[in-house]
Amino acid sequence: MTTAPIYTSTFSMKILIISPSFPFRQGKADSMTVFHMIEYLHQRGHEIILATFDNRERFSNGEREELKAMCQEVRVLPMKRWKKLFYMGRNFLLEKPFQVAYYWRPEMQQVVDGLVEIHQPDVLYAHLIRASSYLEKYQQIPRVVGMQIAQTLNYGRLIKHEKNRLRRIFYTQEYRRVKKYEPKVVKTFDRILLISPHDRKAVAPETHYNKIFFNPHGVDVAYYSEDQKLTRQKNVIAMNGDFGVPTNMDGAHFFYQEVYPLIKAEIPDAKLWLVGRNPHPSIQQLAQKDGSVTVTGRVSDIRPFLQQATVGIAPMRVAAGLQNKILVSLASQLPMVVTPIANEGIGAPVGKVLVEAQEPRVFANQVIQLLRNTEEREKIGGNALSFMQSYWTWDFHFQKLEEMLTGLIVDRNQPVENYYPFSTCLEEYGSGFGV
């Protein structure tokens, strides 16, 4: 097993972070990423100033206080529904993406301006393009955008698979906007954080590749791998995620309609668990019409489901960036069958750590083979945990981010010293990967 080297920061940074979602430990992927980034940088002795929105996620006062204790100052603005609609509507004739307009507030710009004046930060960080507009004017301070995924890539794929005419019209509009907006962000800011070369190719002119820093987030591997003393049930197929978002909805419907019947024909007692928050009515209907399907909705602890399922799936036809659902499943030693697009941002060695399949018949066959082969499941599950412990902890990637930020402050004109985190691990597992 390879472990990340110890890195010692030579000085303390003062970092202003703008996050569109309130960061907390067990939130959605974006808010969770910002929380753990703040936690890591705080533990490393850096000073954090945070401006964020209260978007009514379920978090306790204790979690709010935990975040405040790690920051020099935290400013939180409420997200009022009428203001969201107002700024979205006002933006209709403008060029900015709707998601940027959705999070635009003059009051937040005033907050950011005040924090910059008071704290004089060394570096400014906007999480996602949704927060990037608040930093446009600050050209004299090093600026970073945690773009994470290429929305151009994401919406382009959504358009191809969306059957609802109104949603397809909206996705087409947003695609046109992000296709213009994301390259402008790349040109304007000093560093752009992306998950993978696929995202870079979609948004960055080659002349600006020296600004792109690959920095995927990790997961709490120890938490998800903790032994719950549970036994894996027979012939249970599990998919986890937020089932209110289009990408997961499409994946779940694709699997249920085109793959699941092929599996049921071979293994009649197979069951499907859809585990996660915000299930759309169309997802809930699957359980209502089919007794072999369970739709849980939000659960307080996903680990018992991941540690009791037989096989995990990520049947994504639409995706960009990093699929957190795969990472937590791999950390739980759940053998996974995924589409190549779902593994795009992770680069897990195929056949060693997980199994890839695209076409319905091939996908079904791979699931069936794992359901029937206990030895193969255990082998892949063990490899998956080792892979996660080596390369997908929070600290592994945030250490690289810290190095990049300190270098940026020292000399913002130097090209980024990039790393692609999967090249060495793929060599270790005996599989090639082209970047």
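Colleague: What makes the space of about 70 Å³ in this model a cavity rather than a pocket?

Modeller: This is a predicted model, and its largest cavity has a volume of about 70 Å³. A cavity is a set of points where a 1.4 Å probe fits but cannot get out, whereas a pocket is open, so this space is called a cavity.

Colleague: How many cavities of 30 Å³ or more turn up in the whole structure?

Modeller: The search finds two.

Colleague: Which residues surround the second largest cavity?

Modeller: Its lining is made by T33, M37, Y125, H127, Q148, L193, N215, H217, F398 and L401. Here α1, β4 (123–127) and α16 (394–410) each give two or more residues. By class there are five nonpolar, five polar and no charged residues.

Colleague: Q148 is also part of β5. Why is strand β5 called largely enclosed?

Modeller: Buried means under 20% relative accessible area. Six of the six residues of β5 (143–148) are buried, so the strand is largely enclosed by the rest of the structure. R143, V145 and M147 point one way and V144, G146 and Q148 the other, all of them buried.

Colleague: How do you know that β5 pairs with β4 and with β6?

Modeller: Pairing needs at least two bridges. L124 has R143 in β5 as its bridge partner, while V144 has R191 in β6.

Colleague: Turning to the six-stranded open sheet, why are β10 and β13 its edges?

Modeller: The order is β10-β9-β8-β11-β12-β13, with parallel pairing. Strands β10 (293–297) and β13 (355–356) each have a single partner strand, so one side of each is left without a neighbour in the sheet.

Colleague: What makes β12 and β13 a pair?

Modeller: Two bridges join β12 (336–338) to β13, and at least two are required, so they count as paired. V337 stands opposite V355 in β13.

Methods: Residues are numbered from 1 along each chain as its sequence is written. This is a predicted model: local features need pLDDT of at least 70, side-chain atom pairs count only at pLDDT 80 or more; totals for chains, interfaces and linings use all residues. Side-chain values use heavy atoms; hydrogens and water are left out. On a 1 Å grid over the protein atoms alone, a cavity is a set of points where a 1.4 Å probe fits but cannot get out, and a pocket is an open set with protein on both sides within 12 Å along at least five of seven lines; lining residues have an atom within 4 Å of a point. Grid points are joined across faces, edges and corners, and a volume is the space filled by probe spheres set on the points. Helices (H or I, at least four residues) and strands (E, at least two) are DSSP runs, numbered from the N terminus. Ala, Val, Leu, Ile, Met, Phe, Trp, Tyr, Cys and Pro count as nonpolar, Asp, Glu, Lys and Arg as charged, and the others, Gly among them, as polar. Buried means under 20% relative accessible area, exposed over 50%, partly exposed in between (1.4 Å probe, protein chains only).
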